[in-house]
Amino acid sequence: MLLQVKDIEKQYKKFKLHCSMEVMEGHITGLIGQNGAGKSTTFKAILDLIHLDRGEILLFGKDHTKLTNKEREDLGVVLSNATFPNRMNPHEIGQVLKTLYRKFDVNDFYRQCEKQEIPLDKQIKEFSTGMKAKLKVLIALSHQAKFLILDEPTEGLDVIARKEILDLLREYMEEEDRAILISSHISSDLEGLCDDLYMIHQGKIILHEETDAILSRYGLLKVDEKQYEKLEKKYLIRVKKESFGYSCLTDQRQFYLENYPEIIVEKGTIDEVIEMMIKGEKQ
C-alpha cells in the first residue's frame with residue numbers, strides 16, 4: 001500500500017474535511033467531486049502542506065510527516081496553483097531539477113519536452129495553458145517517482161490537450177510498482193483511466209467503487225409514482241423526486257432489468273452517479 005489516509009480531519013471556518021482513502025501499487029485512483037468539495041485540501045493534507053486536527057496518513061508505510069528526502073523523491077506532484085517562476089524556460093528548469101533529484105535525467109526531460117512540442121528556450125509566461133499543464137506533468141514524471149499525486153492536471157484544457165496528458169500517465173504506468181492518485185471534476189477524463197474512484201462532497205467521501213463496477217453494475221431507474229410504490233427498494237442507493245415520478249440510483253442494475261421489464265433502466269454514467277449521490281436522498 002503506497003498511501004493510507006485514516007480518518008483525517010481538518011476544520012476551517014466554513015469547511016470541514018473528514019475522510020479516509022487508500023491507493024495501492026499498480027493502481028490509478030481517482031478523486032472526483034465538484035469544485036470546493038475538498039479535493040485540493042485532501043492533497044495538501046497528504047503532502048503535509050497543512051496541519052491535521054486528527055487522523056493519520058501513511059506514505060510508503062510510514063508517517064507522512066517523517067519522510068526522508070530520499071523517500072520524498074519517490075513522489076511526483078502536480079498542484080493546480082504551483083509552478084516554476086514565469087520568467088524561467090524549460091532548459092533552465094531542467095538544470096534546477098538535476099540538482100534536486102538523484103534520478104533526474106535532464107537529457108530525457110529535454111527530449112520529452114521536444115516530443116510534447118514544448119520549446120526549451122521559451123519563457124513559461126509565453127506558454128499556452130495546455131503547454132503549461134504538460135510541462136507540470138513532465139516535471140512530475142522526470143525523476144522516476146514511484147507515486148504521482150496530481151491535483152486537477154487537466155483543468156482548463158481542451159479535449160486534445162487533456163488526451164495528451166492522460167496518454168502520458170498511461171505510459172508512466174507501464175512500469176511496475178507505480179501508482180497515481182489524480183483528482184478532477186471532469187469525470188470523463190478519469191472514466192477510462194482509473195482503476196477505482198472516490199467521490200468527495202463537502203469534505204466527505206460519499207462513495208468508493210471500482211470504475212468497472214460503476215460502469216457495469218450501476219444504473220438509473222426512471223419510474224412513475226405507481227411503479228415506485230411496487231419497486232423493491234433494498235437495492236436503491238439514492239432516490240430523487242422528479243416531475244415524472246422518481247429517479248433511483250442502484251448498484252444492482254441487472255436485478256431491475258430482470259425483474260421489472262416494464263420500467264426504464266439506464267446505465268449510470270459517472271456524472272449521473274455523482275449527481276444522484278449528491279442530490280438524491282438515502283434509502
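This is a predicted model: local features need pLDDT of at least 70, side-chain atom pairs count only at pLDDT 80 or more; totals for chains, interfaces and linings use all residues.
Mentor: Residues are numbered from 1 along each chain as written, and side-chain values use heavy atoms, without hydrogens or water.

Trainee: Thanks! How many helices and strands does the protein chain have?

Mentor: Helices (H or I, at least four residues) and strands (E, at least two) are DSSP runs, numbered from the N terminus. The C-alpha trace spans about 70 × 40 × 35 Å along its principal axes. The secondary structure of the chain comes to 11 helices and 15 strands.

Trainee: What share of the 283 residues is buried?

Mentor: Buried means under 20% relative accessible area, exposed over 50%, and partly exposed in between (1.4 Å probe, protein chains only). Among the 283 residues of the chain, the buried share is 50%.

Trainee: Which element gives the most residues to the lining of the largest pocket?

Mentor: On a 1 Å grid over the protein atoms alone, a pocket is an open set of points with protein on both sides within 12 Å along at least five of seven lines, a cavity is a set where a 1.4 Å probe fits but cannot get out, and lining residues have an atom within 4 Å of a point. The largest pocket has a volume of about 460 Å³ (the space filled by probe spheres set on the points, which are joined across faces, edges and corners), and of its 18 lining residues G76, V77, V78, Y101 and I139 are the closest to the centre. Strand 6 (75–78), helix 3 (90–100) and helix 5 (129–141) each supply at least two residues of this lining. With 4 residues, the element that gives the most is strand 6.

Trainee: Which element gives the most to the lining of the largest cavity?

Mentor: There is 1 cavity of 30 Å³ or more, and the largest has a volume of about 40 Å³. T83, F84, I93, I124, K132, L135, K136 and I139 line this cavity. The element that gives the most, with 4 residues, is helix 5.

Trainee: On to strand 9: what is the bridge partner of Y198 in strand 10?

Mentor: Strand 9 (residues 196–201) has 6 of its 6 residues buried, with D196, Y198 and I200 pointing one way and L197, M199 and H201 the other. Two strands pair if DSSP finds at least two bridges between them; strand 3 (residues 28–32) and strand 9 do so in the parallel sense over 4 bridges, with T29 opposite D196. Strand 9 also joins strand 10 (residues 204–210) in the antiparallel sense through 6 bridges. There, Y198 has as its partner H208.

Trainee: Which residue takes a positive phi in the hairpin of strand 9 and strand 10?

Mentor: That hairpin has 2 residues between the strands. The one with a positive phi, near 50°, is Q202.

Trainee: Which helix packs on the open sheet of 5 strands?

Mentor: The sheet has the order 14-11-13-12-15 with antiparallel pairing, and its edge strands are strand 14 (264–267) and strand 15 (281–282). Strand 12 (residues 236–242) and strand 13 (residues 245–250) are joined by 6 bridges, and K241 stands opposite Y246 in strand 13. Touching strand 11 (219–223), strand 12, strand 13, strand 14 and strand 15, the packed helix, residues 270–279, is helix 11.

Trainee: What is the relative accessible area of R253?

Mentor: R253 lies in helix 10 (residues 253–259). Leaving aside neighbours within four places in sequence, R253 is in contact (heavy atoms within 4.5 Å) with S216, R217, Y218, G219, V265, E266 and K267. R253 counts as buried because its relative accessible area is 13%.

Terms used:
Axes are lines fitted to C-alpha atoms, for helices over the stretch in contact, and angles run from 0 to 180 degrees between N-to-C directions.
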